[in-house]
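Please look over the structure shown below.

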Amino acid sequence: MLKRRGNPLWRFPGVAPTAAFVFAYLYLPIFILIAFSFNENRLATIWTGFTFDWYSVALNNSDMIRAARNSLIVASSATFIATLAAIMAALCMTRERFRRQQAVNAVIALPLIVPEIVTAVATLLFFVIIGIRLGLLTVIIAHTVFCIPFAYLPIRARLQGMDPRLEEAASDLYADPWRTFRRITLPLLWPGILSGAMLAFIISLDTFVITYFVAGAGATTLPVYIFGMIRIGITPEVNAVSALMLLISITFVTLSFLVGRMRR
Amino acid sequence: MGGGMGRLLRRSLLLGPALFIIGFFMLLPLFLMGYVSILERGMAGGVQWGQHTVEAYVRFLFERDLMDNLVVNIDYLRIFARSFLLALSTTIIALLIGLPTAFYMSLQPARWRNLLIFLVTIPFWTNLLVRNYAWILLLRDSGLINGGLQWLGLSSEPIRLLYTPFAVGVGLTYSFLPFMILPIYASLEKIDLRLVEAAYDLGASKWQALRRIVLPLAMPGIAAGSILVFIPSLGAYVTPELLGGSRQLMIGNLIQGQFGAARNWPFGAALAFVLLALVLLAMMLYARRYRRAPGQA
Amino acid sequence: MKRTSLLAAGVAASLCMGIGQAADANELYLYNWSNYFPPELLKKFEEDTGISVTLDVYDSNETMLARLQAGAAGYDVVVPSDYMMEIMIEEGLVERIDTGEMENFANVTKPHDSPRQDPERAYSAPYLWGTTGFTYDSARVEGELEESWKEFFEPRAELSGQIAVLNDEVEAYNAAAYYSGIFKCTEDPAEAQQILDVLQAQAPHVAMYQSDGTIDRMAAGELIMHMQFNGAAHRAKQQRDSLVYVYPKEGMSFWNDNFMVPKGAPNLENAKTFINWMMAPENIAIASNYTGYMNAIRGSSDFMDESLVEDPAVNMPEEYADRLRPTEDCSVKARELRNRVWTRLRS
């Protein structure tokens, strides 16, 4: 690998400032959100003083904790299944050429296009007709469906234009398709997989209309719970829970970063 | 690699899971909804099974006047057009700032790059509504942005930012930015800098290198990102409601309302199918234009 | 790839956690409006009866109805408003529970013991009730405002751009109907047009149509005038003294929410226990204190916060009684007109 610093692309005008702007843009509301989780006032939008109380309120709110846990369970399961299905589909769609390929693309994009409320009512009707009992499982199924296009598109973008000769050479070397896949294809695909999986994960964390309809009694997720609160007004309790979710994500990222380093 | 049969088997094994999940849990329910859209609405909501009518589709373009004649009604078309425009501008802005960001990420040393992927998505572990509330705090008259502008002496009194189309744009772009950045990054990350070096050695300028090497490489990512931003923002309704003040309806609110206060399921379903048809048509036209199927060397 | 297996392990672990919470017999599934039931009251119920409660929430009568109509089950108690109560009885979505024969029913005050939609209280029990008017900040308006929707629909110059309307098809339409003296369930397109005219004339002065966070906005002084429920008005007033809740002379919606038991409720007996328990004054008072809405139980004011009893927004002065208009479920034709008005206003 070349030393990137020496490359003139590094100093392409406007790139670094735009990236800096984008990261500031992404994190500015997050700082505000965290700041207001320490707000003493019951109304989230009026600052009156500093307190840690909302964290203990949030941690003692068993309904909300249950909802947050459900959210994490649903998001990680749906992401896992959707990403696997997406990897396989993307491999097939970029390596092979067959008739009706456009139709397959359209079907995979379907969950993106249909408005949430329609998917929600349709899926609920469908579950009731085929007699599946509503619960956390139905939420996971429904989330998996619409996570697939979010995982699929980045992975396909990654695969497109990749040099197939690398894999061909490898399969000549190993002659074992599984090893070729593990040693060559997967590492090559990794940025696409990671991107797709992260997008699937965050979209699952945010979806509430579908969840709301297909969740069984007691299978509420965090967005459904929070959506329920805003009619009256969001309390800093919700900010506190969001900050805790951030903490979980940062812990997760740090751990995976450290694991990655140790293995090097 | 294998004969025709083996190839077919492999193809169905690979495509199977995705197509099964979507086919069974999305396509079938959708057929059900297609049927709902041609049913009579129920008196108290829901539908009357077995009573057919195309009223819901007629209603999209026409209404009945006092004499019960059909007259053209463009209310719904206007709402559709507005949503398309908003989604389009969101996509363009996200692309304009997302592409350089993805490019920047792909130029970082290998061990930082995965961390950057996480960094782009960490803010979205919080909640959609809470993030929108944070934007309200930032954008309101007494908010941080107005405060900053005044402190800098750029304005003497608060500028109305909240409850304007500007606020909706800021909020929507924010919500969908990762969906633009990450696919572009995924396709850009495989950039071979030796190619760029070689181009420079041959006397290419920066812009030429960008146009000839970087952009073509980013193209699949740009296409994927645009789909992931454009289509979901078409149906977005939380952000237009919270940051835009809901003074103007979007497709999302319109359809949502049909299953809510209006209790008119067939019309809600019909609106969804009109939207579906329009988007699929747009995708087909797009695919036809770029016929050279990607992925083929 | 180790990372994938790590992820898989995480998923498996979290799935096991989720499945661990299997059903135990003594429980109750309550499906209620969001932020409409105090957590401490749930705890009290659990301590008093040993029944553990799981609470899920919804944001409108219609979404609750849509879910039940599509066949979602599993709830023991739901909390529909008056007009929705009627629909649910007609559609056969609820169990008969004979509330009238329950021990604590004697506590229910008139007229709540015999509502039009369920005169014998065979299917329902009262929870809380309230009104929909508007609130303004008296510190930011010159002089006193008239007790009329006129101030809301034809605002003074200084209020332009400082007004919020509930983003609620029914409430906004009904208020405009009261103001123009038209029956809110009219089936006459010409009358619906008049209602639209009122709303359209007001539109340029409206800052937003928004049902969420009304308390915050008024308490923070973001706006001067807001269409609001009285309980929300009360909670906003506690943060800002200068707010005034108006009972418009042309009429205002008066609504009440009720406990009902959906068909096929898994814990029918527990549901009845809960409903009876909620009609005890010391219990319902906690709900009133938390939400800022009045209840229909005799003797509950002994347990209620003074601020609540003293606030005219909550404890309505007698002279306003004839301004209250019960909500109604309109015909399909009337609802069609209403939806078209509401869509055109913002198309």
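Chain C and chain B meet through 35 residues of chain C and 38 residues of chain B, contact being defined as heavy atoms within 4.5 Å. The model is a predicted one, in which local features need pLDDT of at least 70 and side-chain atom pairs count only at pLDDT 80 or more, while totals for chains, interfaces and linings use all residues. Residues are numbered from 1 along each chain as its sequence is written, chains are lettered from A in the order in which they are written, and side-chain values use heavy atoms, with hydrogens and water left out.

Between chain C and chain B about 3,100 Å² is buried, and carbon and sulfur atoms give 43% of this area. Buried area here is the accessible area (1.4 Å probe) that two parts lose on being put together, summed over both. The interface of chain C and chain B holds 19 residue pairs in polar contact, both residues being at pLDDT 80 or more. A polar contact is a pair of N or O atoms within 3.5 Å; within protein, one must be able to donate a hydrogen and the other to accept it, and residues adjacent in sequence count only if both atoms are side-chain atoms. On the side of chain C that touches chain B, α3, α4 (82-90), α7, β6 (206-209) and α13 each supply at least two residues; helices (H or I, at least four residues) and strands (E, at least two) are DSSP runs, numbered from the N terminus. The largest share, eight residues, comes from α13(C). By class, this side of chain C has 13 nonpolar, eight polar and 14 charged residues. In this division Ala, Val, Leu, Ile, Met, Phe, Trp, Tyr, Cys and Pro count as nonpolar, Asp, Glu, Lys and Arg as charged, and the others, Gly among them, as polar.

Six salt bridges cross the interface of chain C and chain B, each being a side-chain nitrogen of Lys or Arg within 4 Å of a carboxyl oxygen of Asp or Glu. In one salt bridge, B:Arg263 pairs with C:Glu62 at 4.0 Å, N to O. C:Glu62 lies in helix α3 (residues 61-70) of chain C. Is C:Glu62 buried or exposed? Its relative accessibility is 7%, so C:Glu62 counts as buried; buried means under 20% relative accessible area, exposed over 50%, and partly exposed in between (1.4 Å probe, protein chains only). Beyond its neighbours within four places in sequence, C:Glu62 is in contact with residues including B:Phe259, B:Gly260 and C:Tyr83.

Chain A also meets chain B: 106 residues of chain A are in contact with 105 residues of chain B. About 10,400 Å² is buried between chain A and chain B, 80% of it on carbon and sulfur atoms. Two salt bridges are counted between chain A and chain B, and B:Glu189 forms a salt bridge with A:Arg158, with the closest N and O atoms 3.0 Å apart.

One disulfide is counted over all chains, by the rule of a pair of cysteine sulfur atoms within 2.5 Å. This disulfide joins C:Cys185 to C:Cys330, with an S to S distance of 2.0 Å. The two cysteines are 145 residues apart and link distant parts of the chain. The torsion about their S-S bond is about -65°, so the disulfide is left-handed. C:Cys185 is buried at 8% relative accessibility, and C:Cys330 is buried at 6%.
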